[in-house]
Amino acid sequence: MVDQHLRLDSDSKPGRLRAVKLKREWVGYGLTVPAYIWLCITVILPMIMMLYFSFLSRMPMGTAEPVLGLKQYATFFEKDFYRFLTWRSLLLGVHVTVLCGLIGYPAALVLARVVKGRWREAILLLIVLPFWSNALIRTFAWTMVLRTDGIVDQALHFLLPGAPSMGILYSYPAIVIGLTHSFLPYMILTCYISLQTIDDSLIEAGQALGASNITVFRRIILPLSLPGLMVGVILTFVPVVGAFMEPRILGGRQGFMLGTVIEDQFTEVFNWPLGAALSFMLLAIVMLIFLAAYPLLRNRLKVA
Amino acid sequence: MPYVRPLVSYGYLGTVLVFIYLPILIMMAMGFNQSSSYELPFHFDLVWYEHLSANEVLWRAGRNSVLLALASSAVSSVIGTMAALAFARYRLRGQVVLQLLLFPPMAMPWLILATAMLIFFYYSGIGRGLHAMLLAHVALSLPYVIIVVGARLRSFGQDLEEAAATLGADPWQTFFRVTLPMIAPGVAAAALFAFGISFDQFVTSYFLSPPGVSTLPVEIYASIRKGFTPEINAISTIIIIVSMLLLAVVSRFYRFGGTQ
């Protein structure tokens, strides 16, 4: 009934409809104003302020006035320590991303192509579920497992008394394991979404034409799911390069990364200008990654 | 697909699920273990939950977390729904600018945004504290609210709203009697999302918390670094259960998986 009224009215009064639309144009702008203001205060102004800070020679405290210059950036590029640090963070990103891909892609493939119906939904839900629980708590959970005299150690000693300790907490592998655990659901989800959309008839056609399973995978499934894999790679690599909490908790002394050194500048050393410059170097790395992946991501971004 | 045997497939998925869940389950179990140094064999005891109930610092942090999440959820779902409405129903010049602005909170490492906010809030007089955390949490939730509500808005046409308008409803009536009831499940899901994002948020809270004011994740991080007892396992278990319940409710409103 309502539908009929609608059609009659909108047909008979097109002029009025246009007037309503025009009048409401400014309403549209008005609706976005709070979001603009909010993001100005929390994103734009802070980023501008941090950029300014990164050019200061020292913390603006006490009597000595800081001068503007490239001192902090010079520190970053001249000292071997920071090059080493950046290298370490990038390497961590590569290790975690590769592990996530190697574990996650087959899992997504199996989920999308073998598991059927209700089981598929249930397992997908189980995989995504912990992803919404606190990353800090998941990292904390690994300290229980990995520490000397932790669960792994105690189980091992129960089975094999006198075996050497397997506690690898506070080491680089511990950081890699913890971060892989954190980002695996992301990777499985993005791969699964692109694998799931592959048309079954393409695969059947390939098989009918005599392609082996390996050929079907290499020539049909892999190329078609590559965008999803790439999204997963980006979504893992970017946050891992900037991680500080996981390396701190699982890495101990071995845990120094670009992220933890930035954290130190703000919470321990109080050298905010250096911290700001390091944050911008991290941002530059992130931007380069996005730029490199842009052609592959472009179609995805349109959807969002 | 016949080319992977189901047994191997399910076995592999099972292994992955064990990898994902085992540490969390072990962590939870140790909260019920009597030993303060996580020693086995396992003796079931609720002593750490009793300690927890007497721990005022954690209680205060917990109260802060909940209040903050409620406020952040309310603010971001109102502002976000407004923006989503504008995107879906109006052709606005310059809307790309806002869409670009929504990108950093999702795509940049939070560490960068958090440190930038710390500098700006500190020197602009906004200062640190729960209000500063609220500013940050809402900014982080906004993109998700706009995506979720926007998807819901686009799934309905504009017809009903135009009908209401031509039948003489003013914009307020149109919104409250037509649009809002249509998108209500989307807004509810977005609000729960936003609650979860704020409740679990650690990075921005950590940098924006002045001494003496903290949220649960900030308090937990401090404890982990200082040395901790199974009390932390107990509170972590509670947080995980709350988050899971929240997700169960969200998934009633919003199907994820295919939609992200």
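Tutor: Helices here are DSSP runs of H or I with at least four residues, strands are runs of E with at least two, and both are numbered from the N terminus. The model is a predicted one: local features need pLDDT of at least 70, side-chain atom pairs count only at pLDDT 80 or more, and totals for chains, interfaces and linings use all residues. Residues are numbered from 1 along each chain as its sequence is written, while chains are lettered from A and ligands numbered from 1 in the order in which they are written.

The part to look at is the loop between helix H11 (216-226) and helix H12 (231-253) of chain B, where B:Pro230 lies. A residue is called buried if 20 or more other C-beta atoms, placed from the backbone, lie within 10 Å of its own, exposed if 12 or fewer do, and partly exposed in between. B:Pro230 counts as buried because it has 27 C-beta neighbours inside 10 Å. Two residues are in contact if their C-beta atoms, placed from the backbone, lie within 7 Å. Setting aside neighbours within four places in sequence, B:Pro230 is in contact with B:Met30, B:Gly31, B:Asn33, B:Ser36, B:Tyr38 and B:Trp48. B:Trp48 is 182 residues away from B:Pro230 along the chain, yet their C-alpha atoms are separated by 6.1 Å.

Chain B has 12 helices and zero strands, and its C-alpha atoms fill a box of roughly 75 × 65 × 30 Å along the principal axes. Of its 260 residues, 47% are buried. Among contacts in chain B with a separation of 6 or more, 78% join residues 24 or more positions apart; the pair B:Pro230 and B:Trp48, 182 residues apart, has C-alpha atoms separated by 6.1 Å.

Chain B also touches chain A: 74 residues of chain B are in contact with 79 residues of chain A. On the chain B side, helix H1 (residues 6-30) gives the largest share, 13 residues. That side divides into 62 nonpolar, eight polar and four charged residues. In this count Ala, Val, Leu, Ile, Met, Phe, Trp, Tyr, Cys and Pro are nonpolar, Asp, Glu, Lys and Arg are charged, and the others, Gly among them, are polar.

Chain A has 14 helices and zero strands, and 41% of its 304 residues count as buried. Its contacts with a separation of 6 or more are 68% between residues 24 or more positions apart. A:Tyr170 sits in the loop between helix H8 (151-159) and helix H9 (172-196) of chain A, and its phi is near 65°, a positive value in a residue other than glycine. A:Tyr170 counts as partly exposed because it has 18 C-beta neighbours inside 10 Å. A:Phe270, in the loop between helix H13 (258-267) and helix H14 (272-303) of chain A, has a positive phi of about 55° although it is not a glycine. With 12 other C-beta atoms within 10 Å, A:Phe270 is exposed, whereas B:Pro230 is buried.
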